[in-house]
Amino acid sequence: MDRIPILKLGNFLLVTIQVDMYDQLAIALQDDLTSKIVQAGAKGVLIDISSLEVVDSFMGRMLANISEMTRVLDANTVVVGMRPAVAITLVELGLSLPGVQTALSVDKGMALLNAMREERPSEGLGEREPGAA
Amino acid sequence: MARPDSSYLLELLNRSSDEILRDWTANQFRNPRLRPELLRESELRDQSSTFLESLRTAISNIEQRQGDLTNILLQEWNETKQLLETISRSRSQKGFTPSETAGLIFSLKQSLFSRIRAELRESPDQLYQEISQANAVLDMLALFTTEVFQRSREQIIARQQEEMLELSTPVVKLWDRILALPMIGTLDSARTQVVMESLLQKIVETGSEVAIIDITGVPTVDTLVAQHLLKTVSAARLMGADCIISGIRPQIAQTMVHLAVDLSNVTTKATLADAFLVALERLGHIPEVRRREEPTPGKKPETAGFFGTQATRKIA
């Protein structure tokens with residue numbers, strides 16, 4: 001069976017979805033990703049869906065689920081590069097994914113992950129600015 | 001039922017079309033609702049004489065063929081219909097009302113009928129028959145002008161609708177990574193779809209992170225429009241861009257609250273300028289503006305203090 005590769009980039013994991021998703025693949029991705037987060041102690045997950053052209057409600061729910069799972073595992077998720085047609089479809093399906101962070105490109109997603117990490121003092125005890133209250 | 005004989009009508013038109021025309025135009029000029037500012041006298045006279053002539057030709061052709069005069073679908077009427085179409089269309093463009101347009105033909109009745117009555121005074125049966133036939137023919141033609149009038153109006157409306165759709169959705173780039181979408185006119189599902197698609201497409205093309213939707217030009221906001229707006233905002237957010245809604249007029253703010261539209265997740269600003277400022281700040285194009293303590297009469301000192309503390313906190 002196909003697997004979607006999960007790449008480790010520093011403290012973050014990068015998932016690039018470049019094939020059409022089917023349900024089996026999505027479930028496998030959930031399994032792989034959660035175990036990889038625990039194994040690598042990742043603090044953020046970046047999911048690039050810029051090549052994804054077709055979504056259904058299952059895919060939408062899967063994105064929400066993954067985001068929630070990573071949050072439980074104390075990591076942030078950013079979904080990047082969603083196409084206009086995909087965004088419209090999801091909204092029309094009533095899935096506006098309120099808990100999911102989004103960004104326009106991988107670049108901006110990375111910046112967002114870094115910013116979120118700095119905002120949470122519990123994750124960056126060592127990097128804390130000395131002057132901050 | 002025997003076909004009504006139109007030979008008398010034809011003969012009458014042949015014999016005394018000049019007198020009828022004179023009488024008819026005089027009638028029209030006497031009409032207080034004649035609009036000399038819209039239609040010149042010579043033009044009206046021209047139209048009347050051409051119409052009478054074409055009416056005579058049509059009746060004569062139909063009479064030869066023994067056809068039914070009151071059937072407007074006969075091809076003998078085509079010429080007359082074309083003439084009436086031209087007149088009716090030009091009148092609708094000039095701003096006449098439909099009844100004024102049909103009045104052109106109704107006013108012919110008076111002169112025609114008085115002549116028939118004068119000639120057939122002795123035989124009431126024939127008088128009735130001729131008048132009712134002429135009446136039927138003229139009614140049919142007058143109804144036709146109204147129809148054309150309406151059709152040409154509808155064409156104008158359809159054209160304007162198309163034009164409105166074309167100019168309705170400009171997406172403007174205001175600054176690096178800031179888009180603006182000034183919405184004008186009533187929002188319906190079809191238009192919102194177009195607006196949403198062009199906005200999202202532009203977000204991808206320009207890599208913009210903030211989109212300002214300005215609804216100054218939207219006359220009313222009901223639940224449907226609000227829902228469309230929220231959909232657009234959610235779709236943009238899914239793509240990774242923030243939306244700010246600006247240009248909310250006082251009445252619209254009231255309506256939205258009364259309708260219980262939930263805008264708590266959306267940044268809203270009163271004017272496009274405010275929204276633009278927020279966008280510039282958010283993207284770090286300008287440092288956060290330290291708001292001046294304006295000596296506005298109603299402003300309480302606490303408010304100024306609040307802004308002051310915020311500014312201090314940012315520096316620290």
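Let's start with one pair of residues: Ile245(B) has Thr268(B), in strand 5 of chain B, as its bridge partner. Keep in mind that this is a predicted model.

- Strand 4 (residues 242-246) and strand 5 of chain B are joined by two bridges and pair in the parallel sense.
- Both belong to an open sheet of chain B, where five strands follow the order 1-2-3-4-5 and the pairing is mixed.
- Which strands stand at the edges? They are strand 1 (172-175) and strand 5 (267-268) of chain B; each has a single partner strand, so one side of each has no neighbour in the sheet.

**Helices against the sheet**

- Helix 7 of chain B packs on the sheet, where it touches strand 3 (210-217) and strand 4 of chain B.
- The direction of helix 7 of chain B makes about 150° with that of strand 4 of chain B.
- Helix 9 (residues 272-282) of chain B lies across strand 1, strand 2 (178-184), strand 3, strand 4 and strand 5 of chain B.
- Helix 9 of chain B runs at about 175° to strand 3 of chain B.

**Where chain B meets chain A**

- How many residues does the contact take from each chain? Chain B provides 15 residues and chain A provides 14 residues.
- On the chain B side, helix 6 (189-206) and helix 7 (223-239) are the elements giving two or more residues.
- Helix 7 of chain B gives the most to this side, with six residues.
- By type, the residues on the chain B side are seven nonpolar, four polar and four charged.

Key. Residues are numbered from 1 along each chain as its sequence is written. Chains are lettered from A and ligands numbered from 1 in the order in which they are written. This is a predicted model: local features need pLDDT of at least 70, side-chain atom pairs count only at pLDDT 80 or more; totals for chains, interfaces and linings use all residues. Two residues are in contact if their C-beta atoms, placed from the backbone, lie within 7 Å. Helices (H or I, at least four residues) and strands (E, at least two) are DSSP runs, numbered from the N terminus. Ala, Val, Leu, Ile, Met, Phe, Trp, Tyr, Cys and Pro count as nonpolar, Asp, Glu, Lys and Arg as charged, and the others, Gly among them, as polar. Two strands pair if DSSP finds at least two bridges between them. Axes are lines fitted to C-alpha atoms, for helices over the stretch in contact, and angles run from 0 to 180 degrees between N-to-C directions.
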